[in-house]
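Visitor: I have a structure open and would like to learn how to read it. Could you take me through it feature by feature?

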There are 2 protein chains.
Amino acid sequence: MDRTIRSHSLRIRGLRGIPEIKPGDDLAREIVRALTGEENGGAGSPPKPEAGAVFVVAQKVVSKAEGRIVELATVEPRAEAREWAARYGKDPRVVEVVLREAKRVVRMERGILIAETRHGFVCANAGVDASNVPRDCVTLLPMNPDESACRLRAALERDFAVPVAAIISDTFGRPWRMGQTDVALGVSGLRPLIDYRGRVDSSGRPMQATMIAVADELAAAAELVMGKTLGIPVAVVEGLPPAPAKGSASDLIRSREEDLFP
Amino acid sequence: MDRTIRSHSLRIRGLRGIPEIKPGDDLAREIVRALTGEENGGAGSPPKPEAGAVFVVAQKVVSKAEGRIVELATVEPRAEAREWAARYGKDPRVVEVVLREAKRVVRMERGILIAETRHGFVCANAGVDASNVPRDCVTLLPMNPDESACRLRAALERDFAVPVAAIISDTFGRPWRMGQTDVALGVSGLRPLIDYRGRVDSSGRPMQATMIAVADELAAAAELVMGKTLGIPVAVVEGLPPAPAKGSASDLIRSREEDLFP
């Protein structure tokens, strides 16, 4: 992002009117339609996003549009999945899908399965999710969320003729703290980290906070207007000065070698 | 918070004009002064916060106002602090203060000291911080950040005659992901978690995302307008429907017994 001159005021709008997304749907077109539609045009909000607007899009609708859906009827669980599912009252087919999506199992105890995905994200169930999808189906994370973000951003920029950024967000738990928050899985058009290393504080001392994960903070901020049961999978954050920059959500992944909690 | 009917639009303002805070300063008065001052009155923003506004205040200024500052000249490091500091090029007096603040050391390796504070927060250096304080001083976390939030909220409500909420925020790292984000250390006037357990999704299935840490999301959102080098330690989040509720940041602490990464 590298927006060293930060905004003093942000606006975050949840986009109403996005329909149920199905495989093959053009998500960018639905976002444009919703943003220019009546439901979001009122109360002085111009339908066209301002330059530098960040579109935060929930992973679930991206996965649906990209057909990242598994019908559980097609899944044959391995023995380990059957045993673990039986022990904790889970669906063995869902456990099987989780194990397939996991590059590495980080913890598998007390009914909780925390795994590293092929992208390098460490999260519950390797991102496999059964909520807000048809019965007997689960969604997988997008194959390449950065690419998903890039495609969305490009389509939105074509339509609105202003530079924007895009974040694909998902809801992750975390050690030590109760509750989940949204984080960025995919990023396009902004740097996900602001790097303060080498800068000094007001007393001339090096900053203790060295890098701020602004893409994760934007995802968390957007969740506040999305909710989980409201069917609002897209939010627009405005007020950041436009500073188009390359960036990838892989910048947000700490390598296993550098991590103290592997 | 229990704001089941969520807002569709949020505004987040960083408050300019808060002076350097010293021990004994009346932080609430400085916030009122800044909010009603010229610097923040322009651009159609009414100086009075709307009912339900959430004031997010950086831990650093709360700690300073409460005199939670240690002069390093007064600190005699124990042998363990001296050895570890020498090994990693740290100030042994700072390490000593960290060890004093730590109820439990979670990790102490590669120059990184992650500890559980007396409040139950797991974070780097037990919250002891040397940035943005006078040289040869460090700040400690507030003794009771919930009480700090409660006092601030009460004072702001008296002044503005509307119900508001307050969050004391701090910048924490996290396992597996690069960069830091702001989280809530103290909460007053809102519930820090929205509990979706028992609710169903659009397909009638139980929600997979069970609890959302909205107080942490609000802290993260506020950080976006605070920055780290701008001297903006307070943000106001507006647009949430007012729903005064009791809540404590202790709700955000996962017990060691329930945690998979002790």
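Guide: Start with the count of elements: chain A has seven helices and twelve strands. Its radius of gyration is 19 Å, close to the 18 Å that the globule rule gives for 262 residues, so chain A is as compact as a globular protein of that length. Keep in mind that this is a predicted model.

Visitor: What does the C-alpha trace of chain A span along its principal axes?

Guide: The spans are about 55 × 50 × 30 Å. As for burial, 50% of the 262 residues of chain A count as buried. Contacts can be sorted by how far apart the partners are in sequence. Among those in chain A between residues at least 6 apart, 62% join residues at least 24 apart.

Visitor: Which domains does the assignment give for chain A?

Guide: A domain may be made of separate stretches of the chain, as listed here: domain 1 is 11-68 + 142-254, and domain 2 is 69-139. The contact between them takes 13 residues from domain 1 of chain A and ten residues from domain 2 of chain A. On the domain 1 side, helix H3 (59-65) and strand S8 (165-174) of chain A each supply at least two residues. That side of domain 1 of chain A divides into five nonpolar, four polar and four charged residues. Taken over C-alpha atoms, the centres of the two domains of chain A are 26 Å apart.

Visitor: In which sense do S1(A) and strand S1 of chain B run?

Guide: They run antiparallel, joined by five bridges. To read such a pairing, pick a residue in one strand and look for its partner in the other. For A:Ser9, the bridge partner in S1(B) is B:Arg13.

Visitor: Which strand pairs with S1(B) over four bridges?

Guide: That strand is S12(B), and the pairing is antiparallel. Within it, B:Arg11 stands opposite B:Glu238. S12(B) is also joined to strand S2 (residues 54-58) of chain B by four bridges, again antiparallel. There, B:Phe55 stands opposite B:Val236 in S12(B).

Visitor: Is strand S12 of chain B mostly covered or mostly open?

Guide: Mostly covered: four of the five residues of S12(B), residues 234-238, are buried. In soluble globular proteins, nonpolar side chains tend to be buried together. In this structure, the largest nonpolar core has 158 residues. The members that touch the most other members are A:Phe55, A:Val237, B:Phe55 and B:Val237.

Visitor: How many residues of helix H5 of chain B are buried?

Guide: Eight of the ten residues of H5(B), residues 92-101, are buried, so this helix is largely enclosed by the rest of the structure. The buried ones include B:Arg93 and B:Glu96 as well as B:Val94, B:Val95 and B:Leu99. What covers the buried residues of H5(B) includes strand S3 (69-71) and helix H4 (79-88) of chain B.

Visitor: Where does A:Asp25 lie?

Guide: A:Asp25 lies in the loop between S1 and helix H1 (27-36) of chain A. With 16 other C-beta atoms within 10 Å, A:Asp25 is partly exposed. Apart from neighbours within four places in sequence, A:Asp25 is in contact with A:Glu30 and A:Ala65.

Visitor: And where is the place of A:Leu230?

Guide: A:Leu230 is in the loop between helix H7 (214-226) and strand S12 (234-238) of chain A. A:Leu230 is partly exposed, with 15 other C-beta atoms within 10 Å. Separation can be read both along the chain and through space. A:Leu230 and A:Ala154 are 76 residues apart in sequence, and their C-alpha atoms are 27 Å apart.

Technical notes. Residues numbered from 1 in each chain as written. Chains lettered and ligands numbered in written order. Predicted model: local features only at pLDDT ≥ 70, side-chain atom pairs only at ≥ 80, totals over all residues. Rg over C-alpha atoms; globule rule 2.2 N^0.38 Å. Buried ≥ 20, exposed ≤ 12 C-beta atoms within 10 Å, placed from the backbone. Contact = placed C-beta atoms within 7 Å. Domains from an automatic or database assignment. Nonpolar A, V, L, I, M, F, W, Y, C, P; charged D, E, K, R; others polar. Core = buried A, V, L, I, M, F, W, Y, C linked by C-beta atoms within 7 Å. Pairing = 2+ DSSP bridges.
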